[in-house]
Amino acid sequence: VLGAMAVSCCNGGKKTLLTKGNSSKMDTLSYAMGANLGEFVSTRIADIPFNFEELDRGLETAALGKSKWTPEQAQEVFQSLIMPVNDRFGQLMRQKQDTTSTAEPIQVFVREGERDSLSYAYGINIGNDLRNGKFPIQLCWYMEGFQQTRNGEGEMTAEEIQQYLMNFFNVVYPEQQKELSEAWLAKMERKSGVQKSESGLLYKVVKEGDVSRSATDDRDQVTVHYTGRDRDGEVFDSSIFENMPKDRQEMMRQYQPDNFDEDGNIIENEPVTFPLDRVIAGWTEGMKLVGPGGKIILYIPAELAYGPRGNQAIAPNAALEFEVELIDVKPFVDPAAAEKAENAEATENAETTENAEATPAQKQRR
């Protein structure tokens with residue numbers, strides 16, 4: 001239950017828009033986001049007796065970059081405690097639903113310091129997300145919304161919180177991103193060597209490669225190395241370990257230790273292979289503009305990327321930049337045509353064998 005709850009709406013970028021804020025003038029976005037978390041804590045997980053003093057301390061220090069725990073340390077503590085706490089919390093919920101039970105209530109925290117450590121680690125996780133987020137958050141108003149709402153003293157009702165946030169994330173924020181993306185694309189279009197296709201894709205061919213082997217069919221399969229960046233130049237995805245966001249690097253070190261040498265260096269950067277009809281439209285088009293051995297930079301409008309909805313790592317209406325090295329192209333072969341050709345070859349081979357084994361009289365009759 002606790003492990004599944006979202007701590008923020010931020011997407012993990014490196015640049016922070018978070019500030020301490022101006023306590024004399026309310027920032028509604030910050031307050032509403034804090035209040036949303038407060039609403040969750042006070043309703044969905046109200047039975048978990050957090051030490052809110054420790055949770056708040058962890059949140060504030062991490063958001064301001066002053067935590068004594070690294071994000072990795074906080075996550076390690078959180079993960080080590082969350083499973084047993086989740087289990088006991090689930091038992092408590094089932095016990096409360098059993099109206100015939102006369103047993104003593106299950107204790108969610110059973111060891112000394114467990115409550116404080118989990119509360120502090122959870123606060124650090126929230127604070128790190130805020131610090132690494134893409135939204136302009138004023139910490140003083142976020143904390144005000146969080147604290148007031150969890151205490152039942154919020155200035156916004158649950159309905160008002162949801163209405164405000166839904167309007168911001170579904171209307172205001174996408175429109176902001178659209179304007180910023182259009183301005184960024186206009187700037188990229190003026191760069192030396194950048195060309196524009198009929199679809200609106202901007203691209204710069206760094207190296208043509210073997211264009212005689214370029215992809216021509218959307219079903220062709222390509223093998224590439226790539227790095228994807230947002231408008232600010234922050235990497236959100238890459239096939240090259242050294243270019244990957246730090247959190248993904250740490251995850252790979254943890255879950256794929258065999259890919260690293262004794263010094264912790266990646267042994268080999270494995271390229272990625274996929275058919276062109278399984279990726280965003282900007283990639284499908286862009287990969288046909290160079291051949292194997294080529295390199296291209298794509299500046300992709302939102303409508304050729306993830307559109308107005310975005311995804312977990314990509315903002316709605318976000319234009320993106322991809323630097324791609326095309327390693328190989330495997331042309332699509334229609335399975336039906338391949339099977340037909342295979343059958344024809346098998347028939348021809350059978351006839352050749354039959355002719356070779358026939359007697360002179362049989363050959364004459366044929």
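**Salt bridges, helix packing and burial**

At 51% relative accessibility, Lys96 counts as exposed; the classes are buried (under 20% relative accessible area), exposed (over 50%) and partly exposed in between, with a 1.4 Å probe and protein chains only. The model is predicted: local features need pLDDT of at least 70 and side-chain atom pairs count only at pLDDT 80 or more, while totals for chains, interfaces and linings use all residues. Residues are numbered from 1 along each chain as its sequence is written, and side-chain values use heavy atoms, with hydrogens and water left out.

Lys96 has a partner in Asp47: their side chains meet in a salt bridge, at 2.4 Å from N to O. Asp47 lies in the loop between α1 and α2 and Lys96 in helix α3 (residues 71-97), so the pair ties together parts that are 49 residues apart in sequence. Asp47, with a relative accessible area of 30%, is partly exposed. A salt bridge here is a side-chain nitrogen of Lys or Arg within 4 Å of a carboxyl oxygen of Asp or Glu, and by this rule the count comes to 14.

Another of these bridges joins Arg213 and Asp328, whose closest N and O atoms are 2.7 Å apart. This pair links distant parts of the chain, since Arg213 is in the loop between β2 (202-207) and β3 (221-229) and Asp328 is in strand β7 (residues 320-330), 115 residues apart. Both ends are partly exposed: Arg213 has 39% relative accessibility, and Asp328 has a relative accessible area of 31%.

Glu54 is buried, at 16% relative accessibility, whereas Arg57 is partly exposed, with a relative accessible area of 41%. Elsewhere, Arg88, Arg111 and Glu114 are linked in a network of salt bridges.

Helix α1 covers residues 28-43. The expected span of a helix is 1.5 Å times one less than its number of residues; for the 16 residues of α1 this gives 22 Å, and the end C-alpha atoms are 22 Å apart, which agrees. Which residues of α1 are buried? They are Leu29, Ser30, Tyr31, Ala32, Met33, Gly34, Ala35, Leu37, Gly38, Phe40 and Val41. These buried residues pack against four helices, α2 (52-63), α4 (114-131), α5 (139-150) and α6 (158-189).

Helix α3 also holds Gly90. Gly90 is buried, with a relative accessible area of 15%. Along the chain Gly90 and Ile106 are 16 residues apart, and their C-alpha atoms are separated by 9.5 Å.

For the protein as a whole, the secondary structure comes to 10 helices and 7 strands, where helices (H or I, at least four residues) and strands (E, at least two) are DSSP runs numbered from the N terminus. Of its 366 residues, 41% count as buried. Contacts mean heavy atoms within 4.5 Å; among those between residues at least 6 apart in sequence, 75% join residues at least 24 apart. The protein exposes about 21,100 Å², of which carbon and sulfur atoms supply 47%. Accessible areas come from the Shrake-Rupley method with a 1.4 Å probe, and for residues only the protein chains shown count as cover.
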